[in-house]
Amino acid sequence: MDAIVNFLQSTGFAQFFVGDNWKCLVMIVIACVLLFLGIVKKYEPLLLVPIAIGMLVTNLPGANMFHEILYAGGHIHWDLLGGAPITAEFLTEMEALGVSADVLSSVSVGQTIGVGLIDILYLGIKLGIYPCLIFLGVGAMTDFGPLIANPKSLLLGAAAQLGIFMTYVGCRVFLHFTGAEAASVGIIGGADGPTAIFVAAMLAPALLGPIAVSAYSYMALVPVIQPPIMKLLTTKKERQIVMKPLRTVSKRERILFPIVVTIFVSLLVPSAAPLISCLMLGNLFKESGVADRLSKTVQNELMNIVTIFLGISVGATATGATFLSVKTLGIMLMGVVAFSVGTAGGLLLAKFMNLFLKEKINPLIGAAGVSAVPMAARVAQKEGQEANPGNFLLMHAMGPNVAGVIGSAIAAGVLISLFG
């Protein structure tokens with residue numbers, strides 16, 4: 001009988017009623033909601049599904065697949081990963097760094113950590129490996145031709161990054177986040193999930209789960225968030241503007257572009273070099289025509305493998321102790337602000353440019369400056385055709401769209417330089 005009682009007490013079901021483990025139950029429900037959105041509603045399923053599974057398994061009491069203490073205080077504690085026991089000095093140091101009481105109370109002096117699967121996978125995020133590999137694949141799938149053909153698109157992509165910096169200010173002024181936390185939340189406005197993860201893992205690892213979930217959730221909702229802003233800030237006449245077809249971009253231009261951008265951006269913002277160099281390397285694989293095998297590999301096999309590891313690892317950071325907080329609500333709220341201001345920034349700059357241009361720009365393509373590729377460009381196309389069925393804006397919108405990818409990487413580099 002004692003053996004049966006001990007077994008029942010050791011199950012995860014019994015542990016739900018111990019201490020604050022009720023938070024785990026709430027997180028499991030949230031994980032199931034994300035699975036519903038990913039599978040049934042098809043909102044960013046390639047990432048929401050693995051993120052939801054990571055969130056699910058990390059919140060199963062007793063599973064011990066992810067231990068926050070191994071990465072407490074924003075550092076990788078290699079000694080603990082190697083099996084060293086926890087010391088009183090270590091706990092005191094972590095408390096001084098502001099590590100939450102829930103995390104510290106989960107361990108005791110003299111305890112050794114049995115490293116779990118996700119503890120190892122998370123190293124790829126903490127070391128900045130997964131986001132860079134994702135950018136490698138994105139570069140191989142991206143056509144920079146529309147941007148090269150219309151360099152003005154670069155300005156629209158830059159204007160759409162306004163959401164990042166306005167959100168940073170909002171987090172500092174109204175939510176009283178630290179500079180590093182505000183920067184990590186602000187990068188959501190770039191509408192670029194890997195960049196948001198890259199910055200958060202470096203500057204505010206405790207907020208990585210809420211930031212990643214917010215970023216990918218709102219990216220999936222771009223077709224819902226952007227149209228009302230587009231209609232509010234433009235007239236029907238502006239949305240009807242028809243733009244001339246883009247010129248043909250030569251192969252030489254396509255090959256030189258990633259090389260020049262890598263050199264220029266890396267020298268301008270060295271902190272952005274890992275992201276921008278991987279993005280441009282992937283594009284060079286595609287455009288050079290001499291590395292087809294590599295291009296296909298990074299677009300398919302590598303991209304898919306890294307996406308799985310990235311999603312599961314990010315989801316695992318969304319534990320009840322860190323996710324269920326006032327800060328998380330603030331992050332979700334500021335995520336909407338970031339996307340909205342970014343959309344408005346691109347639109348308003350396009351309208352301003354039209355005051356001086358002979359060949360007018362359809363302001364809708366400015367909204368594509370948020371780097372949700374190619375979803376934001378498709379939204380611009382859809383809204384343009386609603387106003388004028390003969391309007392084809394997709395290729396024009398792809399210019400600001402891919403410029404936004406570059407812009408968000410540069411913004412990430414600037415923020416890391418300031419607060420890293």
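## Contacts of T58

Two residues are in contact when heavy atoms of one lie within 4.5 Å of heavy atoms of the other. In this predicted model, T58 touches F66, G315, A316, A318 and T319, leaving aside residues up to four places away in sequence. The side chain of T58 also reaches the backbone oxygen of A316, at 3.0 Å.

T58 lies in helix α4, which covers residues 45-58. Its relative accessibility is 14%, and a residue is buried when this value is under 20%, so T58 counts as buried.

## Helices α20 and α27

Helix α20 covers residues 273-288, and helix α27 covers residues 394-419. Their axes come within 8 Å and cross at roughly 155 degrees. Angles over 145 degrees count as roughly antiparallel, and therefore α20 is roughly antiparallel to α27.

On the side of α20, the contact is made by L275, I276, L279 and M280. On the side of α27, the residues are V405, I406, A409 and A412. The residues of this contact divide into eight nonpolar, no polar and no charged.

Helix α26 consists of the 13 residues 375-387. At 1.5 Å a residue, the helix should span 18 Å; the C-alpha atoms at its ends are 19 Å apart, which agrees with that expectation.

The buried residues of α26 are A376, A377, V379, A380, Q381, E383, G384 and A387. These buried residues pack against α17 (222-233), α18 (236-239), α25 (364-367) and α27.

The loop between α25 and α26 holds P374. The peptide bond from V373 to P374 is cis, with omega near -10 degrees. As a general rule, most peptide bonds are trans.

## Helix α10

Helix α10 covers residues 129-141 and has 13 residues. From its first C-alpha to its last it reaches 19 Å, close to the 18 Å expected at 1.5 Å a residue. Its buried residues are Y130, P131, C132, I134, F135, L136, G137, G139 and A140.

I39 lies in helix α3, which covers residues 22-39. Its relative accessibility is 52%, and the cut-off for exposed is over 50%, so I39 counts as exposed. In sequence, I39 and V49 are ten residues apart; in space, their C-alpha atoms are 7.2 Å apart.

K42 is placed in the loop between α3 and α4. With a relative accessible area of 61%, K42 is exposed. Phi of K42 is near 60 degrees, a positive value in a residue other than glycine.

## A positive phi at H176

H176 lies in the loop between α13 (162-173) and α14 (179-186). Although H176 is not a glycine, it has a positive phi of about 60 degrees. Most residues other than glycine have a negative phi. The relative accessible area of H176 is 64%, and therefore this residue is exposed.

Conventions: Residues are numbered from 1 along each chain as its sequence is written. This is a predicted model: local features need pLDDT of at least 70, side-chain atom pairs count only at pLDDT 80 or more; totals for chains, interfaces and linings use all residues. Side-chain values use heavy atoms; hydrogens and water are left out. Axes are lines fitted to C-alpha atoms, for helices over the stretch in contact, and angles run from 0 to 180 degrees between N-to-C directions. Helices (H or I, at least four residues) and strands (E, at least two) are DSSP runs, numbered from the N terminus. Angles under 35 degrees count as roughly parallel, over 145 as roughly antiparallel, 65 to 115 as roughly perpendicular and the rest as oblique. Ala, Val, Leu, Ile, Met, Phe, Trp, Tyr, Cys and Pro count as nonpolar, Asp, Glu, Lys and Arg as charged, and the others, Gly among them, as polar. The expected span of a helix is 1.5 Å times one less than its number of residues. Buried means under 20% relative accessible area, exposed over 50%, partly exposed in between (1.4 Å probe, protein chains only). A polar contact is a pair of N or O atoms within 3.5 Å; within protein, one must be able to donate a hydrogen and the other to accept it, and residues adjacent in sequence count only if both atoms are side-chain atoms.
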